[in-house]
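The exercises below are meant to be worked through with the model at hand, and each is followed by a solution in steps.

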Amino acid sequence: MPQPDSQRASLRSLHPKRWDIPVLVILAMTLLIVGQSTPTMLVEELWGIKKQTYTIWTGVVMLAQNGVFFLAAIVFLFSVIFPYAKLIAILVLWFKKFGPEDRSTMARWLGVLGKWSMLDVFVVAVFVVLTEASSLISVKPRYGIYIFAGAIVVSIVVSLLIERIAEREKENYLIEKGKAQAGA
């Protein structure tokens, strides 16, 4: 149920001294861009004769070129689209005016969806483990996967902070609403 305009406010206006939220979002975005564009894994075939380094982008393209469309779509969705959408949603939640209950609901959904953020890191880890079983292929993680994982961790932290702030604002609103009804 939408709240009247008098109850709508942005989290930024309610917490003007909280500079950490936008800074953490910018940090996560920067790490995300760097992590997606730097080498995430090194694949060595035939005892090191053929070496290929993959970024997240080239990994998605390689999967699609090899006909593994479902896995390419999952990695693209959870490694490219979802992290940016989540960070943009956090910024919207921070800067846009919402009523306390709507804001709390959005923050809670953001937290639930955020749990899926590490799926792509898990996919890369499974890929590394599965290929290590073969004597013809060796896969080694590269620094890009750690930067990317760092971006995901920072985005989870900022998501939890937003969720906690939004929930606290909802509780304050309900307390004030209860006091106003008791006084009436």
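**Exercise 1.** What percentage of the contacts in the protein chain with a separation of 6 or more is accounted for by residues 24 or more positions apart?

*Solution.* The model is a predicted one, in which local features need pLDDT of at least 70 and side-chain atom pairs count only at pLDDT 80 or more, while totals for chains, interfaces and linings use all residues. Residues are numbered from 1 along each chain as its sequence is written, and side-chain values use heavy atoms, with hydrogens and water left out. Taking contact to mean heavy atoms within 4.5 Å, residues 24 or more positions apart account for 76% of the contacts with a separation of 6 or more. The chain has seven helices and three strands, which are DSSP runs (helices H or I, at least four residues; strands E, at least two) numbered from the N terminus.

**Exercise 2.** Determine how α2 packs against α7, and describe the contact by class.

*Solution.* Begin with the axes, which are lines fitted to C-alpha atoms over the stretch in contact, with angles from 0 to 180 degrees between N-to-C directions. Helix α2 (residues 20–37) and helix α7 (residues 143–183) pack at about 155°, their axes being 8 Å apart. α2 is therefore roughly antiparallel to α7, a term that applies to angles over 145 degrees. Next, list the partners: L24, L31 and G35 are among the α2 residues that meet α7, where the residues include F148, V158 and I165.

**Exercise 3.** Is H15 buried or exposed, and which residues does H15 touch?

*Solution.* First locate H15, which lies in the loop between α1 (11–14) and α2. H15 has a relative accessible area of 17% and is therefore buried, the cut-off being under 20% with a 1.4 Å probe and protein chains only. Leaving aside residues up to four places away in sequence, H15 touches W94, I165 and E169. Finally, the side chains of H15 and E169 are joined by a polar contact of 2.7 Å, that is, a pair of N or O atoms within 3.5 Å, of which one must be able to donate a hydrogen and the other to accept it.

Definitions and conventions: Parallel < 35°, antiparallel > 145°, perpendicular 65-115°, else oblique. Buried < 20%, exposed > 50% of the residue type's maximum accessible area, 1.4 Å probe, protein only.
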